[in-house]
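Please look through the sequence and the model shown here before reading on. The paragraphs after it are meant to be read with both in view.

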Amino acid sequence: MIEQTFERLESRSRERIAAAMSREELEAVRVDVLGRKGELARISKEMGSLTAEERARVGKLLNGAKQGLEAALEARKAEFDRAALAARLDAEWVDLTLPATGAPRGSLHPITIIQSEIEDLFVSMGFTVLDGPEVETEYNNFDALNIPPDHPARDMQDTFWLKSGQLLRTHTSPVQVRGMQKLGPPLRMIAPGRVFRNEEVDASHEHTFYQLEGMMVDREVSVGNLIYFMKTLLSSIFRKDVTVRLRPGYFPFVEPGFELDIECLICGGAGCPVCKQSGWVELLPCGLVQPNVLRMSGIDPEEWNGFAFGLGLTRLAMMRYAIDDIRLLQGGDLRFLHQF
Ligand code: PHE
């Protein structure tokens, strides 16, 4: 009986569909059952030899079997899809209740940190923060600061000269000149910034580093005033009272000129490797402004005088954070920078 043939065929096929364990296996079953070389196809090919009446009967059975098996194949396939989706959801599971990690934050450069602390302090004492160009004239960098043409600081080794005859400023002192001309007396100014020297680079020398210039011009400014401001500055930077001393130091733009030392913060003056057993650490040059320097910028030295100092910001940052290689500061290594 043809009906029984179909029934057997259908139930055998359904068993195979149920037994398929993957989409690949299922596809192989589909090709066997419904494909051009499958059993249903063979029956359908043989229908030509049947009577019209038989053909109608077999055709109906054939279509019924085809539709039933197609539906069974679809259902099995959907089961695989659901299982695959469930497995993927499981694997890619994310706990949405966890706190978000947030965007990575940058950090301030150690020099920026020290610079803004010092700016805040001096602004609170009535000082103006001035900026000057890094490309300067020879006049502002040297002449106006009473540095004669034969001074060693003008040596080609120290200065980056530009083809234009200008130069990369070798210190922040030219901003004193600009400040005096712009503001006139009395004045209180600081000028932090980048300076350049034609130096061989090693752990303690850089061709590019940072200074912070300070200048005060008023009537009857004394070395006592200078010491007061320097002690205030250093106590604030090192967050404790510091003992200072002045030694004579020569800079053409100050007279008298000093090297200011602080009592070693590590050993308290007793002597240790940091202060080379001397008990003192050299910190910054300073002095009273040379009368010629005032005069050249249009300030009458009979009426006004002042003090000036030059703080090595780079060196200060290295002391504060115990950085032992100056090259780290400009190296751009994020592992270093993220520590601040
Ligand atoms: N401009 C000097 C330098 O860079 C430092 C300095 C500034 C000295 C102000 C005295 C007064 O070497």
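What follows goes from the whole chain to single residues and then to the pockets.

The model is predicted, so local features need pLDDT of at least 70 and side-chain atom pairs count only at pLDDT 80 or more, while totals for chains, interfaces and linings use all residues. Residues are numbered from 1 along each chain as its sequence is written, and side-chain values use heavy atoms, with hydrogens and water left out.

The C-alpha trace spans about 135 × 50 × 35 Å along its principal axes.

Of the 340 residues in the protein chain, 40% are buried. Here buried means under 20% relative accessible area, exposed means over 50%, and partly exposed lies in between (1.4 Å probe, protein chains only). The accessible surface of the chain is about 19300 Å², and carbon and sulfur atoms hold 53% of that area. These areas come from the Shrake-Rupley method with a 1.4 Å probe, and for residues only the protein chains shown count as cover. Among contacts with a separation of 6 or more, 66% are between residues 24 or more positions apart; a contact means heavy atoms within 4.5 Å.

F6 lies in helix α1, residues 2–19, and counts as buried at 3% relative accessibility. Beyond its neighbours within four places in sequence, F6 is in contact with L40, I43, V58, L61, L62 and A65. Helix α4 covers residues 52–91 and contains E54, a residue that is partly exposed at 34% relative accessible area. E54 and I2 are 52 residues apart in sequence, and their C-alpha atoms are 9.9 Å apart in space. For F6 and L145, 139 residues apart along the chain, the C-alpha separation is 111 Å.

N141 counts as buried, with 0% relative accessibility. Its contacts, leaving aside neighbours within four places in sequence, are I147, L167, R169, T170, H171 and P174.

P174 is also one of the buried residues of α7, together with V175, Q176, V177, G179 and M180. The buried residues of this helix pack against β2 (135–136), α6 (138–141), β4 (187–196), β5, α9 (291–296) and β9. Just after α7, G184 takes a positive phi of about 65°. In the loop between β3 (167–168) and α7 (174–183) sits T172. Is T172 buried or exposed? At 0% relative accessibility, T172 counts as buried. Apart from neighbours within four places in sequence, T172 touches A191, P192, G193, V195, Q211, L212 and E213.

The pockets come last. A pocket is an open set of points on a 1 Å grid over the protein atoms alone, where a 1.4 Å probe fits, with protein on both sides within 12 Å along at least five of seven lines; lining residues have an atom within 4 Å of a point. Points are joined across faces, edges and corners, and a volume is the space filled by probe spheres set on them.

The largest pocket has a volume of about 1100 Å³. It is lined by 39 residues, of which R197, F209, Q211, F251 and P285 are the closest to its centre. At least two lining residues come from each of β5 (208–218), β7 (254–263), β8 (280–289), β9 (305–312) and α10 (313–321). Which element supplies the largest share of this lining? The largest share comes from β8, with six residues. By class, the lining has 19 nonpolar, twelve polar and eight charged residues. Ala, Val, Leu, Ile, Met, Phe, Trp, Tyr, Cys and Pro count as nonpolar, Asp, Glu, Lys and Arg as charged, and the others, Gly among them, as polar.

The second largest pocket has a volume of about 700 Å³. Of its 25 lining residues, V274, C275, V281, R315 and M319 are the closest to its centre. Helix α10 gives the most to this lining, with four residues.
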